[in-house]
Amino acid sequence: MTVKLDLSQDAASLTAQLVDIPSVSGDERVLADAVEEALRAFPHLTVHRDGDSVVARTELGRAERILIAGHLDTVPIADNLPSRIEGPLMYGCGTSDMKSGVAVQLRLAAHLPEPNRDVTYVFYDCEEVEAARNGLLRLANNHPEWLVADFAVLMEPTGGAVEGGCQGTLRATVSTTGTRAHSARSWLGDNAIHAAAPILARLRAYEGARVEIDGLEYREGLNAVRIEGGVAGNVIPDACAVTVNFRFAPNRDVEQALAHVCEVFAGFDVVLTDEAAGALPGLDRPAAAAFVAAIGTPPRAKFGWTDVARFSALGIPAVNYGPGDPNLAHKRDEHVEIALIGDSEERLRRWLG
């Protein structure tokens, strides 16, 4: 199947064309081919390809280089293709997360031949699945020179607001042990589930820190997300594990975050099971300050985790900014405000123009 993208149409119409090309994670080839072919038509761009990720760069010798990234894949289709327009809204799989943002990227790449900063446009695959398959991670490993930049914008849905950096996250098990016994003779055992009561009490009393970075307030949180224990209906359990999730401000690294969790649960066995570092917003950088000014709305902290953390790991400060609404991502009735698509393009054009 071959598809030709029309980059001369407005960003909303281009969004509809992108949405109507199915690109569930792992099946982005048709869309990646179309993006590559469309961008190679513009002589001001140098285009590279790795798997189903496409990178297009200007080479103007500017003092700063900006990276604008967006993923091509979507979650599985939920009877929400093809796209449709109802009043001011466009419905369809990927409209919010994040083909409206990709449409803005493509429009800028095609129609901004001499930006005031050099720009690298990254269109990558497999963002919606496990990290090992992530196209941005693959690019960082295979071609780190393609991703060199002073500042990055990830076109994640933010409803047209600037969300700086992202918080880190870790999961850990906090465990208790006991002695198994028949529940009819419970005094002969030691109930490990009962022993977890102090863990829950500490969680209930916990107050997450509020941390200000670059004028943005990040709110930390420590919560139980799972509890496991029990053997049978007539057995005193000898083991219990509470899985906790710590969302931490990006001024902590994973080691510091884990140390904090261990401090909260001193006296218990704590085992790290999953982690991802956060990303600093870097709003003190000139390019970032100019970006915030061009967008024209107060920035806010990103409470979730996004791929801006990958840029942070490369030493590139990054923000999230896109026309979609993050609360609509992955929903059956996913949609985007049409006006926000053109507005996002205009604000980015002003920043780079």
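1. Ala69 is buried in this predicted model, because its relative accessible area is 0%, against a cut-off of under 20% for that class. Strand 3, residues 65–71, is the element that holds Ala69. Leaving out residues up to four places away in sequence, Ala69 touches Met98, Gln105, Val122, Tyr124, Val153, Leu154, Met155 and Phe311. Asp10 lies 59 residues from Ala69 along the chain, and 20 Å separate the two C-alpha atoms.

2. Is His260 buried or exposed? Its relative accessibility is 16%, so His260 counts as buried, the limit being under 20%. Neighbours within four places in sequence aside, the contacts of His260 are with Tyr206, Phe246 and Arg252.

3. On the chain as a whole: of its 353 residues, 52% are buried. Nine helices and 19 strands make up the list of secondary structure elements. Along the principal axes, the C-alpha atoms fill a box of roughly 80 × 45 × 40 Å. Among contacts with a separation of 6 or more, 77% are between residues 24 or more positions apart.

4. The chain is divided into two domains: domain 1 covers 11–166 + 279–352, and domain 2 covers 168–276. Their centres, taken over C-alpha atoms, are 36 Å apart. How many residues of each domain are in contact with the other? Domain 1 contributes 16 residues and domain 2 contributes eleven.

5. The largest nonpolar core consists of 59 residues, and Leu39, Leu106, Phe291 and Trp351 have the most contacts inside it. Helix 3 (residues 95–111) gives the largest share of this core, with eight residues. Both domain 1 and domain 2 supply at least three residues to this core. In soluble globular proteins, nonpolar side chains tend to be buried together.

6. Not counting residues up to four places away in sequence, Leu39 touches Leu7, Leu45, Val47, Val54, Ala56, Leu106, Ala109 and Phe123. One of these partners, Leu106, is also listed with Leu39 among the residues with the most contacts inside the largest core. Apart from that core lies another, of 20 residues, including Leu203, Cys240, Phe248 and Phe265.

7. The largest pocket holds about 470 Å³ of space. Its lining has 25 residues, and those nearest its centre are Ala131, Ala276, Trp305, Asp307 and Arg310. By type, the lining has 13 nonpolar, five polar and seven charged residues.

8. Which elements supply at least two residues each to the lining of the largest pocket? They are helix 4 (135–142), strand 9 (168–177), strand 16 (269–276) and helix 8 (308–313). Helix 8 gives the largest share of the lining, five residues. At the level of domains, the lining of the largest pocket takes at least three residues from domain 1 and at least three from domain 2.

Methods
Residues are numbered from 1 along each chain as its sequence is written. This is a predicted model: local features need pLDDT of at least 70, side-chain atom pairs count only at pLDDT 80 or more; totals for chains, interfaces and linings use all residues. Side-chain values use heavy atoms; hydrogens and water are left out. A nonpolar core is a set of buried Ala, Val, Leu, Ile, Met, Phe, Trp, Tyr and Cys residues joined through side-chain atoms within 4.5 Å. Buried means under 20% relative accessible area, exposed over 50%, partly exposed in between (1.4 Å probe, protein chains only). Helices (H or I, at least four residues) and strands (E, at least two) are DSSP runs, numbered from the N terminus. Domain bounds come from an automatic or database domain assignment. Contact means heavy atoms within 4.5 Å. On a 1 Å grid over the protein atoms alone, a cavity is a set of points where a 1.4 Å probe fits but cannot get out, and a pocket is an open set with protein on both sides within 12 Å along at least five of seven lines; lining residues have an atom within 4 Å of a point. Grid points are joined across faces, edges and corners, and a volume is the space filled by probe spheres set on the points. Ala, Val, Leu, Ile, Met, Phe, Trp, Tyr, Cys and Pro count as nonpolar, Asp, Glu, Lys and Arg as charged, and the others, Gly among them, as polar.
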